[in-house]
Amino acid sequence: MVNRNPSKEKIVDLSIELLILIVVIFSISPILILILDSFKSYSEIITIPPTILPRKWSLSNFIEMAERVDVVTMTANSFIVSGSITISTLFLATLAGYAFAKFEFTGKDKIFMLTISKLMIPTIVLVIPWTSMMTRAGLLDSLLAAVLPYLSGAWTIFFMRQYILQLPDDLLDSARIDGAGELRIFFSIVLPLIRPALATAAIVNFLWGWNEFLWPLLVLNSKQNFVLSIGLAYVKYSGGVMTEASVNYAMLAAFSLIYSLPVLLVYLLLARQFVESIVLSGLQR
Amino acid sequence: MRFVGMQNYLAILADDLFRKSLLITIVFVFSSVVINVALALGIALLTEKPRSKLANLCRFMIFVPYVVPDAASAGIWNLIFFPLPSSPMNVLLAQFGIGSQAWLGDSNLALPTIVLYYVWKNVGFSTLVYVAGIKAIPRAFYEAAEIDAASRSSIVRHITIPLLKPITLFVVVTSLIAGWQSFTDIYILTRGGPGTATTTLPIYIHHTAFSEGVAGRAAVLALILFAITLTLTVIQIRGMKGERRG
């Protein structure tokens, strides 16, 4: 028998709330420190006694950062890279997923297995041959090289195939009997029906593009081609100095905030859709 | 191109740094995955019922570190653990009389600091997967338990956790795979330093291929990493098939 003592229940509930509060603080306090630090001067960050709120809210970190690195160009480059990856992948991978879901052709299953087996290969393994390919094609240090390997994606093909499989064949067949061409069927019947899947794939691909670090680090060398992710590495390690104590933490805070801001804003606006998309995509990067 | 036979493979076997980086990766991956999964399950159970506004807020907030781009979140960890007495973590510990540490600059503390980072960054994802799993458990199981007047803790122990086994398998294996490959965070946090204290396999491959320029040897290291990921994926697929049959 269980003793359902009301005052004991209350204590349990209260301690659960307390534990949850600790988790919230653990998750969010680093983000708050980031925001506050980006408005503090470097000397305020590193001197004792520490302050919680900035002594004087100042934009000088952002101004100094804009003088040292071309953060506007980097932001534009990040949008160009993530945007073209998203648009191209959505188009190509949806077509491929449609073909895998609704058409019969020789070797279909084998080609499909080959496509999704790409998901198992770590990026660090892929970039070695990619680099020698880009070197031979003379594309090093261009935004084109940064997006080329990502113009379509195995995960999106797989995801679209699974989604399109659920559409009834009758729907497509009756359109064919009515004399609709294959492209017309794709654009005016299939695409409108898979809009939620397209939204998910767009969020996931844009985030991956925005997050991408290793590949741009290897192919983009001149500063006017930097995206924000490698700009951040540049801000932290500029001058080739690697000792922790010589990093300018005020600049690092300002840059990290600029880099995170677009993603954080979208998360605030679309939290539910965002969470579903990412949890669906698993950890496949 | 010139074929060098097994030369690259033999060089790796004799490479002390390879063995060290493998060991570092294993320690990093296993400790972060164990803590991550245990914590995620705990938090999911705590916030499972929309008990209060606080539980909802928690599920919203815990995902924020996962949403922030990897390079930026690693930058944030640098802001908290920088090796001066004024860093937020040192200030916090000073309240308990613990002296200032160098954290990412200390070869003994750098790896644990990265493990803590990894948990902070990823626990939100695992928690939300668990929350979805808990929601999918049929109510009938709980109703039966309530008729038997089972206590809260025994319901969790004998119903929820056993039924979550497939979810646990998914979370463990996907975290293992992601952990083995993680590069961006460690590159921004320490670049594998101090010395080689946090040089995981991906960092070592990057260093071998692009700083030392020994592409052949890096390719062999990359194949070893691929083999490890492949093994983990096969275990996951097998495990999931087993669950379905069982």
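1. Starting with α11(A): its buried residues are A:Ala197, A:Thr200, A:Ala201, A:Ile203, A:Val204, A:Asn205, A:Phe206, A:Leu207, A:Trp208, A:Gly209, A:Trp210 and A:Asn211. "Buried" here takes 20 or more other C-beta atoms within 10 Å of a residue's own, "exposed" 12 or fewer, and "partly exposed" is in between, with C-beta atoms placed from the backbone. That makes 12 of the 17 residues of α11(A) buried, so this helix is largely enclosed by the rest of the structure. Helices are DSSP runs (H or I, at least four residues), strands likewise (E, at least two), and both are numbered from the N terminus. The geometry of α11(A) agrees with expectation: at 1.5 Å a residue its 17 residues should span 24 Å, and the end C-alpha atoms are 24 Å apart. The expected span is 1.5 Å times one less than the number of residues.

2. A word on the ground rules. This is a predicted model, in which local features need pLDDT of at least 70 and side-chain atom pairs count only at pLDDT 80 or more, while totals for chains, interfaces and linings use all residues. Residues are numbered from 1 along each chain as its sequence is written, and chains are lettered from A and ligands numbered from 1 in the order in which they are written.

3. On confidence (pLDDT is the predictor's confidence in each residue, from 0 to 100), chain A averages 87, with 93% of the residues at 70 or above. Chain B has a mean pLDDT of 86, and 95% of its residues reach 70 or more. For the complex, the predictor gives an ipTM of 0.86 and a pTM of 0.87.

4. Two residues are in contact if their C-beta atoms, placed from the backbone, lie within 7 Å. By that rule, 55 residues of chain A meet 66 residues of chain B. On the chain A side, α1 (6-37), α6 (123-136), α11 (195-211), α12 (214-219), α13 (228-237) and α14 (249-281) each supply at least two residues. The largest share, 15 residues, is from α1(A). This side of chain A divides into 43 nonpolar, 8 polar and 4 charged residues.

5. Which residues have the most contacts inside the largest nonpolar core? They are A:Met160, A:Leu232, A:Phe255, B:Ile114, B:Ile205, B:Leu221 and B:Leu225, in a core of 138 residues. Such a core is a set of buried Ala, Val, Leu, Ile, Met, Phe, Trp, Tyr and Cys residues joined through C-beta atoms within 7 Å. Domain 1 (6-60) and domain 2 (65-281) of chain A both give residues to this core, so it lies between them. Leaving aside neighbours within four places in sequence, B:Leu225 is in contact with A:Pro122, A:Ile124, A:Val125, B:Trp180, B:Leu201, B:Pro202 and B:Ile205.

6. As for those two domains of chain A, whose bounds come from an automatic or database domain assignment, their C-alpha centres lie 33 Å apart. Their contact takes 9 residues from domain 1 and 7 residues from domain 2. α1 and α2 (42-46) of chain A each supply at least two residues of the domain 1 side, and that side divides into 5 nonpolar, 2 polar and 2 charged.

7. A:Ala145 lies in helix α7 (residues 143-147) of chain A. With 23 other C-beta atoms within 10 Å, A:Ala145 is buried. Leaving aside neighbours within four places in sequence, A:Ala145 is in contact with A:Met134, A:Leu139, A:Leu140 and A:Val219.

8. Chain B has 13 helices and 0 strands, and 45% of its 246 residues count as buried. Its C-alpha trace spans about 70 × 55 × 25 Å along the principal axes. B:Ala197 sits in the loop between α11 (184-189) and α12 (201-211) of chain B. B:Ala197 counts as partly exposed, with 19 C-beta neighbours inside 10 Å. Not counting residues up to four places away in sequence, B:Ala197 touches B:Ser107, B:Ala110 and B:Leu111.

Methods:
Ala, Val, Leu, Ile, Met, Phe, Trp, Tyr, Cys and Pro count as nonpolar, Asp, Glu, Lys and Arg as charged, and the others, Gly among them, as polar.
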